[in-house]
Amino acid sequence: MSSIPTGRLEDTGYRLTAPRRAVIDALARTDRPFTIEELSEQLPNIGRATVFRTIKLLHELDIVCRVPLEDGRIRYETSHSGRHHHHLICGECGSVTEFSDPALDEAIEQNASTASFELDGHSAELYGRCATCRRLP
């Protein structure tokens, strides 16, 4: 069970309401990337819109991050670093590993600048097979 930094909500002026607490508790019990629908199924007494808005807020606060899969589906996971990062996504087992690379971030920003492009943000997802899956016959 992971720990979710609820203090960040209150530090930024958001109340930790009972529905938000229920979503955060469900997140703490989740050990793999999830969809809004999967999380909603775990919370039958919380409306889907409330779950969606709570995940959106937690994403804005870098508590949860979006994990775009190769097939275009979106999953979410608890952010372990709480800061900007990228993902290594295993196409076989679905594991997601966070990584940070300041040189990569700088290169992306430089490319945007060279193209006179105003960058609002970026993400990088690397798809392949994790070390465990590569060892499987």
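Predicted model: local features only at pLDDT ≥ 70, side-chain atom pairs only at ≥ 80, totals over all residues.
Residues are numbered from 1 along each chain as its sequence is written, and side-chain values use heavy atoms, with hydrogens and water left out. The protein chain holds 6 helices and 5 strands, where helices (H or I, at least four residues) and strands (E, at least two) are DSSP runs numbered from the N terminus.

**Confidence**
- The protein chain has a mean pLDDT of 87, with 94% of its residues at 70 or more; pLDDT is the predictor's confidence in each residue, from 0 to 100.
- Confidence is lowest in helix α1 (residues 7-11), where the mean is 80, and highest in helix α5 (residues 102-114), where it is 94.

**Overall architecture**
- Along the sequence, the elements of the protein chain are arranged in the pattern α-α-α-α-β-β-β-β-α-β-α.
- A box of roughly 45 × 45 × 25 Å, taken along the principal axes, is filled by the C-alpha atoms of the protein chain.
- The protein chain is divided into domain 1 (1-81) and domain 2 (84-137), with bounds that come from an automatic or database domain assignment.

**Interface between the domains**
- The centres of domain 1 and domain 2, taken over C-alpha atoms, are separated by 21 Å, and the contact (heavy atoms within 4.5 Å) takes 12 residues from domain 1 and 8 residues from domain 2.
- About 790 Å² is buried between domain 1 and domain 2, with carbon and sulfur atoms giving 57% of that area; buried area is the accessible area (1.4 Å probe) that two parts lose on being put together, summed over both.
- Across this interface the rule finds 0 salt bridges, a salt bridge being a side-chain nitrogen of Lys or Arg within 4 Å of a carboxyl oxygen of Asp or Glu.
- On the side of domain 1 that touches domain 2, β1 (64-68) and β2 (74-78) each supply at least two residues, and β1 gives the most, with 4 residues.

**Salt bridges in the whole structure**
- A search of the whole structure finds 6 salt bridges, and one that joins the side chains of E37 and R48 has an N to O distance of 2.5 Å.
- This pair links distant parts of the chain, with E37 in helix α3 (residues 36-41) and R48 in helix α4 (residues 48-60), 11 residues apart.

**Surroundings of F99**
- F99 lies in strand β4 (residues 96-99), and its C-alpha is 6.0 Å from that of H87, although F99 and H87 are 12 residues apart in sequence.
- When neighbours within four places in sequence are left aside, F99 is in contact with H85, H86, H87, L88, L104 and L126.
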